[in-house]
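Trainee: I'd like to go through the pockets of this model with you. Could you start with the terms?

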Amino acid sequence: MEKIASTFNKPKVQLHIHLDAAMKPETVLYFAKKKQMHLPGIESVEDLKKKVVCTQAGSLTEFLSKFEIFMPPVAGDREAVKRIAYEFVEMEAKQGVIYCEVRYSPQLFANCKVDPIPWGQKEGDLSPDEVVDLVNQGLKEGEKDFNIKVKSILCCLRHMPNWSFDVVELCKKYHNDSVVGIDLAGDEGLKSETFPGHLKAFQEAVRCGIHRTVHAGEAGLPSVVKEAVQMLKAERIGHGYHTIQDPTLYKRLLDMDMHFEMCPYCSYITGACDPDFTKHPLIQFKKDGANYSLSSDGPLPIGMTLQYDYALAETYMGFTEKDFMHANINAARSCFLPEDEKKELLERLYAAYGMAGL
């Protein structure tokens, strides 16, 4: 993609980004060497980037396949998990983000008390529970050092329904101790055989007051979005581009003020949307006054940060400074913070945007 830049330099809020897809390549390579792990064809940071960064439109499957390269070096390693979380906060602060909700699957970093153990690891002693604790430690230290607030969302995975109830139990244990919500991610085509496990977890989340967001309408049909809202009681939709293909559903969600977490560049890389950004669904959402925000999703495998999503919106979708401020206010009012902290965040944005007292 061409080199373009955004002129928007005011504080931002990011709601949809994956911790395991936002690692520094240098960190991945460091832990590969620490474990004496041979990564075929990878000797340097540049080699790693060439292997894991998607440079043109493909598919969600291709995008997810990159995780097989960069996750094994960090999975099962306590130092890695905490460091990744800490460095994530630093990277967000450098982009002018003042509040972020980062999501991840604790099971994908663990090597015990998880079945099956991911990434072909041998059984060790790092459980999903301790993964959450380590991430929390890293986030909190980063918050202190970089003057930014970062909370987390724990992900269920569509192809691993047997993990989902463990995920909601971790959400309950660490509720408002850095963890603010639960998510469902993965292949939207998997439904009938996996859905009951996820439904049970999300019903428990509703019962316990755990906030809920669901990946839906990215690669899947509008019916997946409807299912997320009606059955999983999603309060936000991750992506949701294909919602506009069902006008009745789309209008209903607009009336509900449903929040859509939009990730423009990633939607191109995964083949979720028309590669012509002047035809991106985000333009329709903006025109219709939808409740949406901008996020980067997976900076490592897509090779771009949040700044590039802003540049695309500005260059191809007609976004103005006012539109960006509106999107960030949407993100703040739709975030999963407790109400008093949400109010503080909004007031901070209003002050930065010159809207205080309006």
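Mentor: On a 1 Å grid over the protein atoms alone, a pocket is an open set of points where a 1.4 Å probe fits, with protein on both sides within 12 Å along at least five of seven lines, and its lining residues have an atom within 4 Å of a point. This is a predicted model, in which local features need pLDDT of at least 70 and side-chain atom pairs count only at pLDDT 80 or more, while totals for chains, interfaces and linings use all residues. Residues are numbered from 1 along each chain as its sequence is written, and side-chain values use heavy atoms, with hydrogens and water left out.

Trainee: Which residues lie nearest the centre of the second largest pocket?

Mentor: Ala-22, Met-23, Met-91, Pro-299 and Thr-305 do, out of a lining of 17 residues.

Trainee: And which element gives the largest share of that lining?

Mentor: Helix α5 does, with four residues; α5 (78-94) and α13 (299-302) each supply at least two, helices being DSSP runs of H or I with at least four residues and strands runs of E with at least two, numbered from the N terminus.

Trainee: Switching over, what volume does the largest pocket have?

Mentor: The largest pocket has about 560 Å³, where a volume is the space filled by probe spheres set on grid points joined across faces, edges and corners. The second largest pocket holds about 330 Å³.

Trainee: How many residues line the largest one?

Mentor: The lining of the largest pocket has 28 residues, and Leu-64, Leu-108, Leu-157, His-159 and Gly-186 lie nearest its centre. Two or more lining residues come from each of α3 (60-65), α4 (67-70) and β3 (149-157).
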